[in-house]
Amino acid sequence: MYPTALTQLARANPFSAPLFSLQKVEEPQQSLHGQRTRTLAAAATADEGDSCEFGSQKYFVLCGFGGILSCGTTHTAVVPLDLVKCRMQVSPDKYKSIGNGFAVTLKEDGVRGLAKGWAPTFIGYSMQGLCKFGFYEVFKIFYSDLLGEENTYLWRTSLYLAASASAEFFADIALAPMEACKVRIQTQPGYANTLRECAPKMFAEEGLWAFYKGVVPLWMRQIPYTMMKFACFERTVELLYKYAVPKPRSECSKAEQLVVTFVAGYIAGVFCAIVSHPADSVVSVLNKEKGSTAVGVLKKLGPRGVWKGLVARIIMIGTLTALQWFIYDSVKVYFRLPRPPPPEMPESLKKKLGLTE
């Protein structure tokens with residue numbers, strides 16, 4: 001029997017419902033080494049020429065490496081926009097808009113001032129990417145095995161949500177220390193200009209807690225963000241190939257598939273930004289002010305204050321998410337990792353529903 005609690009949780013998810021495809025499949029799925037073929041989007045038999053088997057240790061390691069590249073490089077690239085966004089959140093009277101924020105920053109700190117916080121950003125988000133993408137693949141297989149083949153297909157959106165939330169829980173623990181340093185450097189002028197100055201100073205003043213006091217707000221911000229990022233991306237890719245792309249995925253070139261990846265990533269990024277922005281505002285203020293608490297910051301900002309800097313965040317996160325998925329999928333292409341097509345209904349379920357002859 002499948003785990004009752006997990007199955008009930010999946011069925012209770014408001015974002016998911018069974019999606020049945022009544023179209024006949026011309027080519028039945030084949031098994032590899034006598035094992036049944038998974039129908040999950042990122043879990044299927046390896047194509048000829050793949051460098052490793054799906055779910056192998058090498059597969060997970062290279063997925064983690066792809067996560068490092070995708071998250072570390074993209075977040076570092078948008079440090080100037082992130083700096084202005086953070087300052088708009090913590091000092092809205094001084095930094096009134098994106099344009100004004102850039103102008104004030106350039107006037108006070110010069111061009112080099114726009115790069116403040118790049119080192120903790122690169123290190124922190126590289127570690128986050130390693131855990132986010134690597135553990136996502138791990139948890140997706142783990143939960144799929146618990147649910148079984150048919151339930152994996154029927155409740156795949158719930159599976160994407162559960163796997164991404166589980167991965168982000170650990171990813172934020174890896175990110176929290178560097179995120180605290182980044183925000184302190186960017187939002188407290190004169191406190192520290194580099195990571196080497198900031199980290200020892202924070203530890204001397206507040207101890208180890210200084211680096212982890214923002215982990216709960218990070219979970220509040222990043223877990224919904226990541227759940228939306230992965231689930232929306234997976235389902236958007238599925239819908240794009242079904243309704244927008246004029247030919248089957250198997251007939252698309254690698255370059256065309258990467259274009260679909262980029263478009264789906266950007267769409268997912270817009271929703272990610274909206275869902276996670278209030279918690280992002282709390283994190284920015286929390287890491288700036290000593291002795292502050294998440295509840296206190298939330299009361300201080302108020303219902304309207306938590307949405308400051310949303311436009312900048314939508315631009316930043318939309319671009320970030322699209323580039324991250326593009327880089328991550330490009331790494332899979334480069335290392336010839338298994339990249340199965342969108343999920344299809346298992347033959348056993350088709351028989352139960354009377355969809356086969």
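Here are some notes on the cavities, helix packing and aromatic pairs of this predicted model.

1. Ground rules. Local features need pLDDT of at least 70 and side-chain atom pairs count only at pLDDT 80 or more, while totals for chains, interfaces and linings use all residues. Numbering runs from 1 along each chain as its sequence is written, and side-chain values use heavy atoms, with hydrogens and water left out.

2. Cavities. The count comes to three cavities of 30 Å³ or more. A cavity here is a set of points, on a 1 Å grid over the protein atoms alone, where a 1.4 Å probe fits but cannot get out; points are joined across faces, edges and corners, and the volume is the space filled by probe spheres set on them.

3. Who lines it? Lining residues have an atom within 4 Å of a point. For the second largest cavity there are 19, and H75, Y125, R221, R313 and M316 sit closest to its centre. Two or more lining residues come from each of α3 (79-90), α5 (118-147), α7 (156-187), α10 (215-244) and α13 (310-334); helices are DSSP runs (H or I, at least four residues), numbered from the N terminus. By class, the lining has nine charged, five polar and five nonpolar residues. Here Asp, Glu, Lys and Arg count as charged, Ala, Val, Leu, Ile, Met, Phe, Trp, Tyr, Cys and Pro as nonpolar, and the others, Gly among them, as polar.

4. α5 against α7. Their axes are 6 Å apart, at an angle of about 165 degrees. Axes are lines fitted to C-alpha atoms over the stretch in contact, with angles from 0 to 180 degrees between N-to-C directions. The two helices are therefore roughly antiparallel (over 145 degrees). Their crossing is right-handed, meaning that the near helix is turned clockwise from the far one by less than a right angle. The contact holds 22 nonpolar, six polar and six charged residues.

5. Aromatics. The whole structure has 20 aromatic pairs, that is, rings of Phe, Tyr and Trp (its six-membered ring) with centres within 6.5 Å. One of them, F135 with F139, is edge-to-face at 6.4 Å centre to centre and 75 degrees between the planes (the cut-off is over 60 degrees). Being four residues apart in α5, F135 and F139 are separated by about one helical turn.

Methods. On a 1 Å grid over the protein atoms alone, a cavity is a set of points where a 1.4 Å probe fits but cannot get out, and a pocket is an open set with protein on both sides within 12 Å along at least five of seven lines; lining residues have an atom within 4 Å of a point. Angles under 35 degrees count as roughly parallel, over 145 as roughly antiparallel, 65 to 115 as roughly perpendicular and the rest as oblique. Rings of Phe, Tyr and Trp (its six-membered ring) pair if their centres lie within 6.5 Å; planes under 30 degrees apart count as stacked, over 60 as edge-to-face and the rest as tilted.
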